[in-house]
Amino acid sequence: YGGAINTFAKDGFLALILLFSYVFGTQDSAILRVSGLFGILTVLLAYLIGKASFGRRAGLLSSGVLAISVSQLHYSRSGFPQAASVFFLYLAVLIYIFSYQHLSSLKISNRLLFFSGISLGYAFTCHYNLFWAIPAFIILEIAAKFLFKKQIRLNVFLKRLIFLTFGVSIPILFFGGISELVKLVLNNNSSFREAIRGSLGIGVFVSYFERLINFVTPSLSAETLIGNCVYSPGQSASPFYYIKILQVWEGQFILALLLMGIVFLIYRQFRRRVFNEFIVLTLFLVPFIYWSFHPWQLSRSFMPAIPAIALIIGFLLAQILKKCCNNQSANNAAVFIILLILIFQANTRIKKELSYESGYPSAIRFMREHSGVRHLSSQFTISRSFVGRKNALDISSSFEGGDPVHKLQGLYDKQGYRYLLLDQMRYAFADSPVVKAADNSKPI
């Protein structure tokens, strides 16, 4: 194939995969274990954030809402980096709340803010589409100074910004520095360049900062270059896209509770300003507004807002119970009943989500049974890890220019390629003549 090695700016997530592979061994499930663990831990974080912000009842309800979220379940069972990146984002939120609560001791508060920044920075290194979270935290600091805690001195406010910025920078500079060193060594190694040269006649290692520029810059603009590597949505922004996603994935009941919760929180901000409520609103509204008016609309871009949705609904339900039930035993029973209702209304969607099974195990088994047989692949890096570099060819750049049918005939007659492996990347190459031909063929 040639081109670039590791074209995605998700080095923090790759580090977690390497860690899990080292602990549990190099297995097909290594990535899924990362997502599964951090997905579960995020539910725990929802409880801790809800409890620290609104009380134990709100924490229980928030974690319950998140636990039965189809979005949360979906990405906790996938190889996408969303579960890990969202965990570190909300770990940063929890530590940030503790920092705010300890403003009476500036040394402790600044130290906590520094660690919050580190977690936020690591979340960004897990997935670059969290770039919005860094200015969101700065917005929180500005709001804390000028709207909620006006008595904070200017020099204290500036120090807090410095501690936050310094913490965020550490993971980014760490992975950036390592990748620059690796680039320096590998790109000056003729054997490495030859090993990855491939059909394009070029082989380079792209540094973390170069990849950030390639991915984050298009996300900040009205156009996206992402189609050069992965997807090309080719669509205009739909302001109701994520509302529809919530309606389909989470159900109308959850969507109705969310809308009521947002209205309730905004109303309370006008009546009595509470910073913890403002934090939760910000974590939902910033990604919701930004991605709703951006042409690159994918369900996973909105995933960081899902725990905030759970916190909003948990807070709303806790406030309703507070008004209706003064008895502690009745309150506990009401929380239990509400959680049962939430589980019941989500039952069908959860069953449907759990019924989905990956095609990778059977594909991997087929490749292993036919390891000496050459094939074309939409995920050639995975294919080559099982059958060897010489036995798998990609379906993208290998068919650029010329007559694809003639190339296919040559690969079949002269080079012994016998089957085609397609995964979700087929949608990235939907216009490929190879994929179009496959659409008219019966799968093995």
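The legends below describe close-up views of a predicted model.

Residues are numbered from 1 along each chain as its sequence is written, and side-chain values use heavy atoms, with hydrogens and water left out. Because the model is predicted, local features need pLDDT of at least 70 and side-chain atom pairs count only at pLDDT 80 or more, while totals for chains, interfaces and linings use all residues.

**View 1. The chain as a whole.**
The chain contains 19 helices and five strands. Helices (H or I, at least four residues) and strands (E, at least two) are DSSP runs, numbered from the N terminus. Of the 444 residues, 49% are buried; buried means under 20% relative accessible area, exposed over 50%, and partly exposed in between (1.4 Å probe, protein chains only). The chain exposes about 22300 Å², and carbon and sulfur atoms supply 64% of this area. Accessible areas come from the Shrake-Rupley method with a 1.4 Å probe, and for residues only the protein chains shown count as cover. Contacts (heavy atoms within 4.5 Å) that join residues at least 24 apart make up 74% of those between residues at least 6 apart in sequence.

The biggest share comes from α14, with three residues. By residue class, the lining of the largest cavity has eight nonpolar, one polar and one charged. Ala, Val, Leu, Ile, Met, Phe, Trp, Tyr, Cys and Pro count as nonpolar, Asp, Glu, Lys and Arg as charged, and the others, Gly among them, as polar.

The structure holds 31 aromatic pairs. Rings of Phe, Tyr and Trp (its six-membered ring) pair if their centres lie within 6.5 Å; planes under 30 degrees apart count as stacked, over 60 as edge-to-face and the rest as tilted. One of the pairs, F87 with F88, is edge-to-face, at 5.1 Å centre to centre and 80° between the planes. F87 is buried because its relative accessible area is 10%, and F88 is buried with a value of 13%. Y96 and F137 also form an edge-to-face pair, at 5.5 Å centre to centre and 75° between the planes. Y96 lies in helix α5 and F137 in helix α7 (residues 133-148), so this pair ties together parts that are 41 residues apart in sequence. Both Y96 and F137 are buried. A cluster linked by ring pairs is made up of F20, F24, F38, F87, F88, Y122, F174 and F175.

**View 2. L37 in helix α2.**
L37 is located in helix α2 (residues 30-54). The relative accessible area of L37 is 38%, so this residue is partly exposed. L37 and F87 are 50 residues apart in sequence, and their C-alpha atoms are 9.7 Å apart in space.

**View 3. Q101 in helix α5.**
Q101 belongs to helix α5 (residues 82-101). With a relative accessible area of 39%, Q101 is partly exposed. Apart from neighbours within four places in sequence, Q101 is in contact with A52 and N276.

**View 4. Y356 and I364.**
Y356 sits in the loop between α15 (328-355) and α16 (360-369), and I364 is in helix α16. Y356 is partly exposed, with a relative accessible area of 45%, whereas I364 is buried, with a relative accessible area of 7%. C-alpha to C-alpha, Y356 and H74 are 9.7 Å apart in space and 282 residues apart in sequence. I364 and S383 are 19 residues apart in sequence and 8.2 Å apart in space, again C-alpha to C-alpha.
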